[in-house]
Structures are given as C-alpha cells and as structure tokens.
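Subject: Structure handover

Hello,

Here is the structure for you to look through. My notes follow below.

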Amino acid sequence: MSINPNLADIRFEPVPGYLVGREKVREFAAAVGALEPHHHDVDIARSRGYPDVVAPPTFPIVIQEKTLHQLLNHPDVGIDFTRVVHGDQKFEYSRPVVAGDELIATLRVVKVQSLGGHSMVTTESVMTTPEGEHVVTATSTLVVRADEDHS
Amino acid sequence: MRAWDNSAIGDEVVEGSVFLTREHLVRYAGASGDFNPIHYRDDVAKEVGLDGVLAHGMLTMGHAMSPVLSWLGADGYVASYQVRFTKPVYVPLDTPVALHSVATLTDVDAALGRATLSLRVTLEGGHTVLGKALIVVASR
C-alpha cells in the first residue's frame with residue numbers, strides 16, 4: 001500500500017457537528033493542567049465576558065481527530081495507520097472555543113512531501129459554527145514511515 | 001493592562017514544571033479519546049519499536065503551555081499555538097518525569113494587541129522535546 005500522490009484532490013465532507021460540552025471542557029482542562037478558573041467555573045467565565053467555560057487551546061484536537069479518522073479510513077488514501085507519527089501541530093484561532101459551541105470541521109490535505117522514503121502529509125481541519133463563523137483551524141503534519149521493504 | 005506590558009523582548013516571562021506519571025496519561029486518554037495502547041501498555045509500545053509507554057504528543061503540547069495560560073489569565077487568549085514533536089517523552093511505571101517549560105517574549109505587535117512567545121520545553125537533563133514551539137497571545 002502506498003500513499004495516493006493526489007491526496008490534495010480528494011474532497012472530504014464536513015464531519016457531523018461537534019457540540020462542545022461543559023463537563024468535557026473541564027475534564028480536558030484538568031488533563032492538560034489548565035487550572036485557571038475560567039476553564040472550570042461558569043460564573044467566573046461569565047464575569048470575564050465569556051458565555052461559558054473556556055476550552056484550553058489544544059482542545060480542538062478532539063474534533064480534529066474525527067477528521068483525521070476520515071482521512072486514514074478513506075479507501076483512496078493509502079496511509080497505513082500503524083506507520084503514522086505526529087510531526088507538527090498548530091491551532092489558529094479567530095476566538096476561543098467555549099462550552100455550548102457547535103463546531104463543524106472540514107478536512108483538506110494541504111501538502112504531501114516525500115523525504116527519504118518517508119512521507120509527510122499536512123492536513124488542515126477548519127472549524128466553523130453552523131452559521132459559518134470561523135473559530136479555529138487545526139493543522140497537523142503526519143509523518144508516514146516507509147515500509148520496511150523499502151527502507 | 002496586558003500580561004506582557006511590563007516585559008521586554010527577550011525576557012523569560014513565565015516558567016513551570018509538571019511531573020508526569022502514568023496517571024496523567026490515563027487521564028488524558030479518557031479526556032481526549034486517544035486510546036492508542038502505546039500510551040498505557042509497555043508490551044505494545046515495545047512491539048512497535050519504542051522503549052516503552054510514552055506520553056501522547058498532545059498531552060505534552062497541552063501541559064507545556066499551562067504556565068502561559070496562568071500568566072495570561074482570562075483577559076487575553078491564545079490566538080495561535082504550534083509545536084514540532086522532536087523527541088518521545090517516555091513515562092516509566094514508577095518514576096515521575098519532569099517536564100519543564102520556559103516562555104520567552106520574542107515579539108510584540110502593539111497595534112494588533114498581540115505578543116509572540118517562544119516556548120522551550122525540556123526534560124530533566126535538558127533534552128528538548130518540542131521544537132519550533134510558538135504561542136501568539138492576543139488581548140480581548
């Protein structure tokens with residue numbers, strides 16, 4: 001199995017809307033050491049001008065994972081999941097994610113590069129509200145290690 | 001008053017450490033939904049050529065910036081955050097692993113109300129585990 005060189009031409013449908021839950025935000029914040037009260041306490045978040053508790057900056061990975069599964073499971077993609085290593089990660093925000101947001105994520109393959117038998121696949125998952133307001137874009141570079149036969 | 005108003009370019013504005021244990025990995029697996037067994041089973045990790053159980057890259061990325069979130073408070077927000085994963089963070093069964101972060105102010109855009117921090121993330125002994133780690137913070 002080898003990677004489809006024309007990955008960037010594959011169109012991916014948006015994944016079903018993800019409703020950001022208050023308890024999920026608290027649980028995720030605790031798991032990454034985000035202990036500031038506006039990640040946990042609704043009254044404090046509101047007193048600071050947010051509609052609800054604020055998700056930590058890396059929270060959208062939970063939603064991005066759903067789009068990456070779409071990529072890895074696509075019949076025309078040809079990426080062997082067991083050879084994938086996370087290379088780079090980036091989040092770019094228009095505004096913070098808060099509990100109550102419904103986010104619709106759409107994946108696009110931005111770039112495929114080869115380097116000594118390895119491939120690097122850069123994807124971008126754009127997350128918007130149902131009304132189309134951009135909230136955050138998560139960009140990942142996945143390094144796909146070469147098959148043993150070719151290394 | 002912005003978090004960076006009293007700092008100059010080149011200043012180390014905040015630092016912090018977390019001592020990672022297997023409990024952190026289990027907690028993160030549950031919170032994120034990433035149940036790859038290389039993050040909780042040594043036998044599976046070794047089968048795929050690793051030294052043993054390692055932290056999720058995204059756990060490291062998350063914890064590494066938590067001192068910056070405390071420094072920033074609720075009056076600012078993170079406009080962007082990026083890292084390169086350069087070295088696995090192995091977490092043995094019985095010994096906590098110290099992950100240390102230092103954030104340095106590298107740029108201020110007064111007109112946009114934004115500042116850029118570069119983050120140095122190391123293990124005890126000084127090995128860097130995240131490269132090209134940059135955080136852009138913005139005032140609200």
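Which element gives the most to the lining of the largest pocket? H3(A) does, with six residues. A pocket here is an open set of points on a 1 Å grid over the protein atoms alone, where a 1.4 Å probe fits, with protein on both sides within 12 Å along at least five of seven lines. Lining residues have an atom within 4 Å of a point. Helices (H or I, at least four residues) and strands (E, at least two) are DSSP runs, numbered from the N terminus.

This is a predicted model: local features need pLDDT of at least 70, side-chain atom pairs count only at pLDDT 80 or more, and totals for chains, interfaces and linings use all residues. Residues are numbered from 1 along each chain, and chains are lettered from A.

The largest pocket holds about 1200 Å³ of space. Its lining has 39 residues. A:Val84, A:Val85, A:His86, B:Asn36 and B:Ile38 lie nearest the centre.

A:Val126 sits in strand E4 (residues 118–128). A:Val126 counts as partly exposed because its relative accessibility is 26% (buried is under 20% relative accessible area, exposed over 50%, partly exposed in between; 1.4 Å probe, protein chains only). A:Ala105 belongs to strand E3 (residues 102–115). At 0%, A:Ala105 counts as buried. A:Val126 touches A:Ala105 (contact means heavy atoms within 4.5 Å), and A:His134 is also among its contacts. A:Ala105 in turn touches residues including A:Pro14, A:Ile63 and A:Met127.

Best wishes

How values were computed: Heavy atoms only, no water. Points joined across faces, edges and corners; volume = space filled by probe spheres on them. Lists of a residue's contacts leave out its neighbours within four places in sequence.
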